Amino acid sequence: RNFAEINASMSTVTGVPMNNTAIKQTFEKLKQQLPSVTNMDSFLASNQMAVTQMAIKYCDQLVETQNLRNSYFSGFNFNQSASSAFSGPNRDLVLTPLTSKILGVGLNDQPNNTDVTAELDNLITRLTDCSGGKVCDANYTKTVVKAACAGALGSAAITMQ
């Protein structure tokens, strides 16, 4: 996808409007680094870095905008510490919307949802290891969700046509 298609796709799958001030500013800043053509042979490391930065900004806005966050991650408690928030079935309240909305369901040419869910789950496990004096408060819970979101959103599922 080219820069405009990537931006539109990220907006669609997160529900964060493209005219969100933070999104618009980031997009304008990164537009020249994003792919300008849809030819995979021309995709560069700088393109992936810009895609990653856009994904981080979209996920930040998704998680920091309460009504979007509550709708997208329905039932997930962002007010708990990271060590509690992701316990048991709570983790699925983050993983399921990410994979179903970003990757889609029943598509032949998208990554396998089960594989992606397993990788995102591994990421959450690593990030929520709160040993060694690491601060895993409610703010960190948001950071973990943003990281999992950015991992899915910045992937080939969004950048490839």
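The following paragraphs lead the reader through a predicted model of one protein, from its overall plan to single residues.

Residues are numbered from 1 along each chain as its sequence is written, and side-chain values use heavy atoms, with hydrogens and water left out. Because the model is predicted, local features need pLDDT of at least 70 and side-chain atom pairs count only at pLDDT 80 or more, whereas totals for chains, interfaces and linings use all residues.

The protein contains 9 helices and 0 strands. Helices (H or I, at least four residues) and strands (E, at least two) are DSSP runs, numbered from the N terminus. Along the sequence, the pattern therefore reads α-α-α-α-α-α-α-α-α. The accessible surface of the protein comes to about 8300 Å², as given by the Shrake-Rupley method with a 1.4 Å probe, where for residues only the protein chains shown count as cover. Carbon and sulfur atoms account for 50% of this surface.

Of the 161 residues in the protein, 40% are buried. Buried means under 20% relative accessible area, exposed means over 50%, and partly exposed lies in between (1.4 Å probe, protein chains only). A contact means heavy atoms within 4.5 Å. Among contacts between residues at least 6 apart in sequence, 68% join residues at least 24 apart.

The interior is considered next. In soluble globular proteins, nonpolar side chains tend to be buried together. A nonpolar core is a set of buried Ala, Val, Leu, Ile, Met, Phe, Trp, Tyr and Cys residues joined through side-chain atoms within 4.5 Å. The largest such core in this protein has 41 residues, and F73 and F86 have the most contacts inside it. The elements that give two or more residues to this core are α1 (3-14), α2 (21-30), α3 (45-64), α4 (66-72), α5 (82-85), α6 (92-103), α7 (113-127) and α8 (138-153). Leaving aside residues up to four places away in sequence, F86 touches F76, R91, V94, I124, T128, T141, V144 and V145.

T141 counts as buried because its relative accessible area is 0%. Beyond its neighbours within four places in sequence, T141 is in contact with F76, N77, F78, Q80, S81, A82, A85 and F86.

Angles under 35 degrees count as roughly parallel, over 145 as roughly antiparallel, 65 to 115 as roughly perpendicular and the rest as oblique. A crossing is left-handed if the near helix is turned anticlockwise from the far one by less than a right angle, and right-handed if clockwise.

The axes of α6 and α7 come within 10 Å and cross at roughly 135 degrees, which means that α6 is oblique to α7. The crossing of this pair is right-handed. From α6, the residues V94, L95, T99, S100 and L103 meet N113, V116, T117, L120, D121 and I124 of α7.

For α7 and α8, the axes are 10 Å apart and the angle is about 150 degrees, so α7 is roughly antiparallel to α8. Here α7 contributes L120, L123, I124 and L127 to the contact, while α8 contributes Y140, V144, A147, A148 and A152. This crossing, too, is right-handed.

The helices α6 and α8 pack with their axes 10 Å apart at an angle of about 20 degrees, and they are therefore roughly parallel to each other. Again, α6 passes α8 in a right-handed crossing. Their contact joins V94, L98 and I102 of α6 to V145, A148, C149, A152 and L153 of α8.

Within α6, L98 is buried because its relative accessibility is 0%. Residues up to four places away in sequence not being counted, L98 touches Y72, F73, L103, A148 and C149. The C-alpha atoms of L98 and V145 are separated by 9.7 Å, although the two residues are 47 residues apart along the chain.

T12, in helix α1, is exposed because its relative accessible area is 65%. The C-alpha atom of T12 is separated by 9.0 Å from that of I102, 90 residues apart along the chain. M18 lies in the loop between α1 and α2, and its relative accessible area of 38% makes M18 partly exposed. M18 and N7 are 11 residues apart in sequence and 7.2 Å apart in space, C-alpha to C-alpha.

Conventions: Axes fitted to C-alpha atoms, helices over the stretch in contact; angles between N-to-C directions.
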